[in-house]
Amino acid sequence: MDTDNKIPVLREGFLVKRGHIVHNWKARWFVLTPDKLLYYKYEGGKRDSCQRGKILLKDCLITCPFLEYENRPLAFKLQTKHGVDHFLEACSREERDEWAADITAVVNNLQATDGGKPMSQKDSAQSRLQNINLKVLDSMYDVHSGIKLSNHVEQGSTYSNCFSSAVVDWLVFMQLSLTRGEAVTLASALLEEGFLRTVGQRSVEALRTAGLSEQFMDDSTALYSFPDSFKKRGSVKSERSLSAAELSGKVVKRGYLLKQGHRRKNWKVRLFVLRSEPDFLHYYDPTKDDISPVGGFSLRGCLISSLDDNGVPSVKGNIQGNLFKIITKSDIHYFIQAPTHQEKMDWIDA
């Protein structure tokens, strides 16, 4: 959708934004143009015609990922040239990184047309290195696919919220390192910089003796944990929240959709997460910073169908379109709207 017939739209979609005065988080529809980021309120299942605000992108600074918010690992920060901070959250790392890349392209284009100096090769390399480290940490803390923390017993003592050198296997599995050797080097750097710490007397003694060697980092009995400053991030809580079998499946798809309430029939933006083996669809309130779903259901025996956008008597409210319906095995009907027709079809296929 265009904000104006004359203004090209580079990207649009749902993001969750933190308020300036009251620091609550609310879902807004964002539209990226060649010089600014506009945002609109979604109410009653339809986008407001009047914009709620805009962020001028000239000389804007972007921090992605922004790791200072507990339980919001998918956030990024925009700081305007006047020093005003805007905190936004996407539904997935891919969405967040794509938004950040598109906004960065706009900022760089504005700088180029304004005769700004390009970043030096040294600054660019340092920026890339810092970005890689941040992305690794961000992935580690991810609630759904990050490192799982658990209790470990060593020499009669129990240590909670820690993990073994499975971190090396995890780095390779997540393709953050191409080889085990690279993963060991990366894990060593994270430990040396204080992003990981050793746990238990045996690990502390081994580190003191062997140092940050390949033998120590790839020792399957070594224990690690995140520093205390990171203890409240989502992945730490995930041990409790994701213990249920229905939350243990592989995340297949996630994104913001509009769901109609069962009682009041009003429409609200929800973060939907589709998992397989076991097959479940859960939805979360994006305004809350906890990691517990507000609802969900098994997909076994479900019927999924696309609905025409007009003439659907069973769906109440101000409908934007792109509707589909899920009927569970227990005959509960869920009416859902996607932002675009393509996203609707993608969700139905998934």
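**Arg254**

I began with Arg254, which I found in strand S12, residues 250-260. This is a predicted model, so I kept an eye on confidence as I went along.

Is Arg254 buried or exposed? I looked up its relative accessible area, which is 18%. Buried means under 20%, so Arg254 counts as buried.

Next I asked what the side chain of Arg254 reaches. I found the backbone oxygen of Cys91 at 2.5 Å.

**Helix H1**

I then moved to helix H1, which runs over residues 93-113 and has 21 residues. From its first C-alpha to its last it reaches 30 Å, close to the 30 Å expected at 1.5 Å a residue.

Which residues of H1 are buried? I noted Arg93, Arg96, Trp99, Ala100, Ile103, Val106, Val107 and Leu110. They cover an arc of only 160° around the axis, which puts them on the same side of H1. The spacing made sense to me once I recalled that an α-helix has 3.6 residues a turn, so residues three or four places apart point the same way. On the other side of H1, I found Glu94, Ala112 and Thr113 exposed.

**Confidence**

Last, I checked the pLDDT. The chain has a mean of 75, with 73% of its residues at 70 or more. Where is confidence lowest, and where highest? Helix H7, residues 234-241, is lowest at a mean of 35, while strand S5, residues 61-63, is highest at 91.

I also marked two stretches with pLDDT below 50. Beyond near neighbours in sequence, residues 119-132 have four contacts in the model, and residues 229-243 have 41.

Note on methods
Residues are numbered from 1 along each chain as its sequence is written. This is a predicted model: local features need pLDDT of at least 70, side-chain atom pairs count only at pLDDT 80 or more; totals for chains, interfaces and linings use all residues. Side-chain values use heavy atoms; hydrogens and water are left out. pLDDT is the predictor's confidence in each residue, from 0 to 100. Helices (H or I, at least four residues) and strands (E, at least two) are DSSP runs, numbered from the N terminus. Contact means heavy atoms within 4.5 Å. The expected span of a helix is 1.5 Å times one less than its number of residues. Buried means under 20% relative accessible area, exposed over 50%, partly exposed in between (1.4 Å probe, protein chains only). The arc is that of the directions from the helix axis to the C-beta atoms. A polar contact is a pair of N or O atoms within 3.5 Å; within protein, one must be able to donate a hydrogen and the other to accept it, and residues adjacent in sequence count only if both atoms are side-chain atoms.
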